[in-house]
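Me: Could you walk me through this structure? I have not seen it before.

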Amino acid sequence: MRCINKGLGRMAGLFPAALACCMILNGCSQNTKIEDAFTADRPGFGIQGQSEDADISWFAKDLCVADEDVQQIEAEASDALAACFFNLDTKEILYAKNIHARLYPASTTKIMTALVALEQGEGDLDAQTAVSQEAITFHESGVATVKLKEGDVLTLRQLLYGLLTVSANDAANVIAEMTAGSMDEFVARMNEKAVQIGATNTHFVNPNGLHDEEHYTTAYDLYLMFQEAMKYDTFLEVLKVPSYDVSYMAADGTEVTATWASSNQFTKGDVTVPDGVTAAGGKTGTTSAAKSCLVQLFEDAQGQQYIAIILGCSDRSVLYQEMQSFLSDLNN
């Protein structure tokens with residue numbers, strides 16, 4: 001099945017964008033419980049196609065678009081609450097399951113965190129900031145961090161490695177304060193960016209992905225975010241590394257050194273891919289509410305790129321098994 005090569009262009013810049021922004025930031029997202037959204041079967045607002053004869057600069061001309069489940073390949077994703085597998089070069093939808101259902105994203109949220117940070121700070125990745133106490137204060141146990149302390153001084157580049165390798169929630173919060181002045185302002189920018197790229201079934205309340213009933217997205221919206229983030233070389237460079245050696249200054253002037261290991265089993269080589277296929281980087285996410293999630297980029301032997309997304313698997317090992325099933329026909 002070909003991706004629908006259509007969408008709203010200038011029309012998205014007139015009333016739809018304003019309406020979508022109102023819906024997401026001020027309206028229905030505040031009153032809609034996540035469980036109600038499992039019945040949603042509509043694509044993201046502002047993505048739908050019209051006649052190609054219309055005088056419109058198509059919003060979605062380079063996007064994969066689908067409003068129903070698709071299974072063009074033999075794949076097993078029965079455990080996942082939502083899943084998709086898109087060929088980014090041919091714009092083919094090879095697999096789609098519940099891709100517009102609103103689900104909790106866990107740390108796949110950090111794709112948008114990185115996108116907003118890079119959009120505003122890529123020109124000075126070596127800019128430094130000091131860690132605040134608020135950024136490292138969490139009200140639940142077991143939160144993934146890189147153990148930052150108040151007064152530690154790191155660069156934006158270092159924080160991005162912490163964000164996308166370890167999936168560090170403290171790094172996410174520090175990035176938010178560094179680039180926007182406060183976490184609230186940064187979250188507002190995340191939601192604005194979501195509307196701008198058509199991810200209008202998404203609403204964020206924090207930069208890290210820790211659970212909140214009003215913090216949700218869809219598999220399709222994550223595809224939109226990831227494709228947008230791929231425009232930044234730094235994003236893909238960071239995602240590809242299995243580990244990162246870091247050195248920064250503590251508040252007392254001493255040097256802190258550490259090795260931050262990726263949470264992605266494809267990146268670490270713990271989970272294999274077929275010969276000729278490359279796992280080119282991805283972002284994990286896990287909470288008790290979101291279950292196991294992964295957004296992953298693959299490349300085949302011909303250099304074509306694919307994005308695979310799985311949300312809501314009951315177990316991490318099952319998630320990787322189901323994602324491996326997408327790859328069995330590549331290069332055949």
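Me: What kind of model is it, and how are residues numbered?

Reply: This is a predicted model, in which local features need pLDDT of at least 70 and side-chain atom pairs count only at pLDDT 80 or more, while totals for chains, interfaces and linings use all residues. Residues are numbered from 1 along each chain as its sequence is written, and side-chain values use heavy atoms, with hydrogens and water left out.

Me: What is the mean pLDDT of the chain?

Reply: The mean is 86, and 81% of the residues reach 70 or more; pLDDT is the predictor's confidence in each residue, from 0 to 100. Over residues 1-58 the pLDDT is below 50. Beyond near neighbours in sequence, that stretch has 124 contacts in the model, a contact being heavy atoms within 4.5 Å.

Me: How many helices and strands are there?

Reply: The chain has ten helices and ten strands. Both are DSSP runs numbered from the N terminus: helices are H or I with at least four residues, strands are E with at least two.

Me: And how much of the chain is buried?

Reply: Of the 332 residues, 56% are buried. Buried means under 20% relative accessible area, exposed over 50%, and partly exposed in between, with a 1.4 Å probe and protein chains only. The accessible surface of the chain comes to about 13800 Å², and 45% of that belongs to carbon and sulfur atoms. These areas come from the Shrake-Rupley method with a 1.4 Å probe; for residues, only the protein chains shown count as cover.

Me: What share of the contacts links residues 24 or more positions apart?

Reply: Such residues account for 66% of the contacts in the chain with a separation of 6 or more.

Me: On to the sheet. What is the strand order?

Reply: It is an open sheet of six strands, in the order β1-β3-β2-β10-β9-β8, with antiparallel pairing. Two strands count as paired if DSSP finds at least two bridges between them. The edge strands are β1 (70-71) and β8 (278-287), each of which pairs on one side only.

Me: How many bridges hold β2 and β3 as a pair?

Reply: Strand β2 (residues 82-87) and strand β3 (residues 92-97) pair in the antiparallel sense over five bridges. Within this sheet, the bridge partner of F85 in β3 is Y95.

Me: Which residues touch the most other members of the largest nonpolar core?

Reply: They are F86, Y223 and F235, in a core of 77 residues. A nonpolar core is a set of buried Ala, Val, Leu, Ile, Met, Phe, Trp, Tyr and Cys residues joined through side-chain atoms within 4.5 Å. The largest share of this core, eight residues, comes from α7. A second, separate core of 23 residues includes A77, A83, Y320 and L327.

Me: Why is α7 described as largely enclosed?

Reply: Eleven of its eleven residues are buried, so helix α7 is largely enclosed by the rest of the structure. Q227 lies in this helix, which covers residues 219-229, and is buried with a relative accessible area of 19%. Leaving aside neighbours within four places in sequence, Q227 is in contact with D62, L63 and L88.

Me: Now the charges. How many salt bridges are there?

Reply: A search of the whole structure finds six, where a salt bridge is a side-chain nitrogen of Lys or Arg within 4 Å of a carboxyl oxygen of Asp or Glu. R157 forms one with D126, the closest N and O atoms being 3.2 Å apart. This pair links distant parts of the chain, 31 residues apart: R157 is in helix α4 (residues 156-166), and D126 is in the loop between α3 (110-121) and β4 (128-130).

Me: Where do E185 and R189 sit?

Reply: They are four residues apart in helix α6 (residues 183-196), and so are separated by about one helical turn.

Me: Which residues are linked in a network of salt bridges?

Reply: The network links E119, K193, E228 and K231.
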